Amino acid sequence: MLASAVALSAATSALAQVHVGVRGNIGYTSFWNTDISNSRSEIEEGSYRDYKYEESMSISGLDDASGLGFGFGVALAVPLAPAISLQPELMFSHRTRSTSKLAMSDSYKEWHRDSETNDPWELYDEDFYGPEPLATKVELSQWFIDIPVMFRYAMPNGVFFNAGPVVSINLSNDAEVGGISIPIEIDDFFATFSLAVGVGGGYSVALGNGSQLDIDVRLNFGLTHLVGDDVDFMGQRIGDLTEYGNPKDFNILAGVTYWFM
């Protein structure tokens with residue numbers, strides 16, 4: 001009975017130290033690691049006319065794809081040390097991106113030589129297409145569940161810094177290409193889960209009665225690819241786009257958290 005009483009007292013004391021709040025933010029979303037390209041080559045020898053070729057494909061303009069978004073949810077603050085706490089959050093986030101500068105380039109070169117005389121390779125064919133615009137405008141709208149788990153260091157003057165991992169779950173994707181709406185199934189193109197690291201800081205203001213208000217700015221850098229590793233688009237298996245390079249998320253968030261208990 002004594003041990004149970006001590007355990008209950010400790011649990012009640014720990015629970016009393018946990019703070020609960022509601023959070024909202026607005027954000028700017030873009031990409032980083034935007035190079036998407038693929039190249040391959042082949043040499044065939046042993047026939048009368050040997051040949052080799054190189055072809056490459058690249059997509060440009062993703063670095064211009066950006067937009068505004070917002071998020072809302074709840075947060076907890078669990079003290080770990082006098083100035084350090086753990087701040088897990090559960091956020092529903094909406095992100096948008098749009099660009100009119102997407103373009104694709106494609107090049108092809110082919111060399112021939114006489115296998116009997118072993119002549120040097122000579123350029124036989126060369127073509128280059130692009131950069132050709134893919135559409136007048138491409139817009140992407142997405143909903144996520146974001147789960148940041150931030151470690152927070154608070155200074156006596158109210159300034160604080162935080163950093164930690166952010167897990168995102170993709171809920172829905174809608175795209176418009178040239179004004180035509182195209183719903184996208186998550187399993188067909190986008191990865192369901194992604195991971196980022198967030199860093200930031202802010203200022204905390206005491207409001208009285210145990211409540212306080214945090215104002216902060218965060219930068220989230222995606223660590224995993226946004227596009228799935230087994231892409232199936234409209235029934236056609238494309239395969240692993242990570243072989244081509246794959247964009248990752250980048251977010252700038254300005255947020256407010258109201259701690260009411």
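This is a predicted model: local features need pLDDT of at least 70, side-chain atom pairs count only at pLDDT 80 or more; totals for chains, interfaces and linings use all residues.
Me: Thanks! Where does Glu89 sit, and is it buried or exposed?
Reply: You'll find Glu89 in strand β5, residues 84–99; strands (E, at least two residues) are DSSP runs, numbered from the N terminus. Glu89 has a relative accessible area of 3%, so it is buried (buried is under 20%, exposed over 50%, partly exposed in between, with a 1.4 Å probe and protein chains only).

Me: What does Glu89 touch?
Reply: Not counting residues up to four places away in sequence, Glu89 touches Arg23, Val74, Ala75, Asp146, Ile147, Pro148 and Arg218. Contact here means heavy atoms within 4.5 Å.

Me: How many salt bridges are there, and which residue pairs with Glu89 at 3.7 Å?
Reply: The structure holds 10 salt bridges, each a side-chain nitrogen of Lys or Arg within 4 Å of a carboxyl oxygen of Asp or Glu. Glu89 meets Arg23 in one of them, side chain to side chain, at 3.7 Å from N to O. Arg23 belongs to strand β1 (residues 19–32) and Glu89 to strand β5, so this pair ties together parts that are 66 residues apart in sequence. Both Glu89 and Arg23 are buried.

Me: Which residue does Asp214 bridge to?
Reply: Arg152, with the two side chains meeting at 2.5 Å, N to O. This pair links distant parts of the chain, 62 residues apart: Asp214 is in strand β12 (residues 211–222) and Arg152 in strand β8 (residues 138–154). Asp214 is buried, as is Arg152.

Me: Which residues are joined in a network of salt bridges?
Reply: Arg23, Glu89, Asp216 and Arg218 form one network, joined by salt bridges that share partners.

Me: What about Glu126, who's its partner?
Reply: Lys109, with the closest N and O atoms of the salt bridge 3.8 Å apart. Glu126 lies in strand β7 (residues 122–133) and Lys109 in strand β6 (residues 103–114), so the two tie together parts 17 residues apart in sequence. Glu126 counts as partly exposed at 47% relative accessibility, and Lys109 also counts as partly exposed, at 35%.

Me: Changing topic: which residues make up the largest nonpolar core?
Reply: Five of them: Phe31, Leu62, Ala65, Leu102 and Leu226. Such a core is a set of buried Ala, Val, Leu, Ile, Met, Phe, Trp, Tyr and Cys residues joined through side-chain atoms within 4.5 Å. Leaving aside neighbours within four places in sequence, Phe31 is in contact with residues including Arg97, Pro247 and Phe250.

Me: Last one: which backbone oxygen lies 2.5 Å from a polar side-chain atom of Thr96?
Reply: That of Leu68. Thr96 lies in strand β5 and is partly exposed, with a relative accessible area of 22%.

Technical notes:
Residues are numbered from 1 along each chain as its sequence is written. Side-chain values use heavy atoms; hydrogens and water are left out. Helices (H or I, at least four residues) and strands (E, at least two) are DSSP runs, numbered from the N terminus. A polar contact is a pair of N or O atoms within 3.5 Å; within protein, one must be able to donate a hydrogen and the other to accept it, and residues adjacent in sequence count only if both atoms are side-chain atoms.
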